[in-house]
Amino acid sequence: MAYTIAVAGKGGTGKTTVAALIIDYLARLRKGSILAIDADPSMNLNLALGVEVEETIGSGREEIVGDIRSGQYNLGLDKQQAFRLMIQECLVETELFDLLAMGRPEGPGCYCAPNHLLRQSIDALASHYRFVVIDNEAGLEHISRRTTRDVDLLLVISDPTVRGLIAAQRVFELVAELGSRVHKAYLIVNRVPDCGDNALVLPQELAAKVAELNLPLLGVLPQDPAVTERDVLGRPLITLPYDAPVRRRLENLLAQVLPIDGQSR
């Protein structure tokens, strides 16, 4: 059974950076195969990972649904089989991980039945992996609409601002509505300036806001100029040095919550 990690947060918080570094960390641990799912319509995860995407799940779903609605669908092909074939065509395979890009959101009309088939097909694919890592959009649409898997660990990413923490609180409110769909959820505050290697604390004002909002803070990540440099130059974020401050801090946090040795910590 795959262990599913989801990363969420409003745009600009660095959630795709965190998702990419989690994928790279798991790949280096060599604890099992990894399926990466880019569930954000902005589709930046492949750039952070340094791979190209030619086909997305969204465009493939629209093609199948369009054929069904127009009466042009091949009735000799089972719809479940059609979705599974489409997903295989969208899958980007590498030596370290495989990647699926969800792509654009749904068009007009009801997608309950297609999404059910899509969910079943993604679950069937994911069952062959040890880890699934999902880069979500802020609203957790794919989780709430059941087009991606239930989540074992959700990491909500915020920037070091009060507004960012309030936005993160809304994500946790949605998590509460999803109930058992999300088993564990934590907050990570990203791009904290001058937090140092050993200072696992927020500035006082932000720490007070985290306490006021009752957010489950896992830890903070430092502002790392090497990340900014790669964003500016369009270089993959997984080319960060292994001793980069943001890598070291994130890996320390992950070691506290991931079932790396077969058991949750």
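**Entry 1: Glu212**

I started with Glu212, which comes out exposed at a relative accessible area of 57%. This is a predicted model, so I read every value here as computed. Glu212 has a salt-bridge partner in Lys209, at 3.3 Å from N to O. I then looked up Lys209 and found a relative accessible area of 17%. The cut-off for buried is under 20%, so Lys209 counts as buried. Both residues sit in helix H8, residues 204-213, and they are three residues apart, about one turn of the helix.

**Entry 2: the other salt bridges**

I looked up the total and got eight salt bridges in the structure. Side chains of opposite charge can pair when their charged atoms come close.

I took Asp159 and Lys10 next: they form a salt bridge whose closest N and O atoms are 3.2 Å apart. That pair links distant parts of the chain, 149 residues apart. Asp159 is in the loop between strand E6 (151-158) and helix H7 (162-178), while Lys10 is in the loop between strand E1 (3-8) and helix H1 (15-29). Asp159 is buried at a relative accessible area of 15%, whereas Lys10 is partly exposed at 30%.

Then I went to Lys15, which pairs with Asp40 in a salt bridge, the closest N and O atoms being 2.6 Å apart. Lys15 belongs to helix H1, and Asp40 lies in the loop between strand E2 (34-38) and helix H2 (45-49). The pair again links distant parts of the chain, this time 25 residues apart. Lys15 and Asp40 are both buried.

**Entry 3: H1 against H10**

Which helix axes cross at roughly 70°? I found H1 and helix H10 (residues 245-257), with axes that come within 11 Å. Roughly perpendicular covers 65 to 115 degrees, so H1 and H10 fall in that class.

I listed who makes the contact. From H1 I noted Val18, Leu21, Ile22, Asp24, Tyr25 and Arg28. From H10 I noted Val246, Arg247, Leu250, Glu251, Leu254 and Ala255. Sorted by class, the contact has eight nonpolar, no polar and four charged residues.

Salt bridges that share partners join Asp24, Arg28, Arg247 and Glu251 into one network. Asp24 and Arg28 are on the H1 side of the helix contact, Arg247 and Glu251 on the H10 side.

**Entry 4: Tyr242**

I moved on to Tyr242, in the loop between helix H9 (225-233) and H10. Is Tyr242 buried or exposed? At 55% relative accessibility, Tyr242 counts as exposed, because the cut-off is over 50%.

Tyr242 is in contact with Asp24, Arg28, Arg247 and Arg248. Asp24, Arg28 and Arg247 are among the residues of the salt-bridge network. I also looked up a C-alpha distance: Tyr242 and Tyr25 are 9.5 Å apart in space and 217 residues apart in sequence.

**Entry 5: aromatic rings**

How many aromatic pairs does the count come to? I got one. The partners are Tyr3 and Phe131, in an edge-to-face arrangement at 6.4 Å centre to centre, with 75° between the planes. Tyr3 is in strand E1 and Phe131 in strand E5 (residues 131-135), so I have another link between distant parts of the chain, 128 residues apart.

**Entry 6: Asn190**

I looked up Asn190 in strand E7 (residues 182-192). Asn190 is buried, with a relative accessible area of 5%. I skipped residues up to four places away in sequence and noted that Asn190 touches Thr13, Gly14, Ile157, Ser158, Asp159, Pro160, Leu221 and Pro222.

**Entry 7: whole chain**

I finished with the totals. The secondary structure comes to 10 helices and eight strands. Of the 265 residues of the chain, 52% count as buried. I also checked contacts between residues at least 6 apart in sequence, and 79% of them join residues at least 24 apart.

How values were computed: Residues are numbered from 1 along each chain as its sequence is written. This is a predicted model: local features need pLDDT of at least 70, side-chain atom pairs count only at pLDDT 80 or more; totals for chains, interfaces and linings use all residues. Side-chain values use heavy atoms; hydrogens and water are left out. A salt bridge is a side-chain nitrogen of Lys or Arg within 4 Å of a carboxyl oxygen of Asp or Glu. Helices (H or I, at least four residues) and strands (E, at least two) are DSSP runs, numbered from the N terminus. Buried means under 20% relative accessible area, exposed over 50%, partly exposed in between (1.4 Å probe, protein chains only). Axes are lines fitted to C-alpha atoms, for helices over the stretch in contact, and angles run from 0 to 180 degrees between N-to-C directions. Angles under 35 degrees count as roughly parallel, over 145 as roughly antiparallel, 65 to 115 as roughly perpendicular and the rest as oblique. Contact means heavy atoms within 4.5 Å. Ala, Val, Leu, Ile, Met, Phe, Trp, Tyr, Cys and Pro count as nonpolar, Asp, Glu, Lys and Arg as charged, and the others, Gly among them, as polar. Rings of Phe, Tyr and Trp (its six-membered ring) pair if their centres lie within 6.5 Å; planes under 30 degrees apart count as stacked, over 60 as edge-to-face and the rest as tilted.
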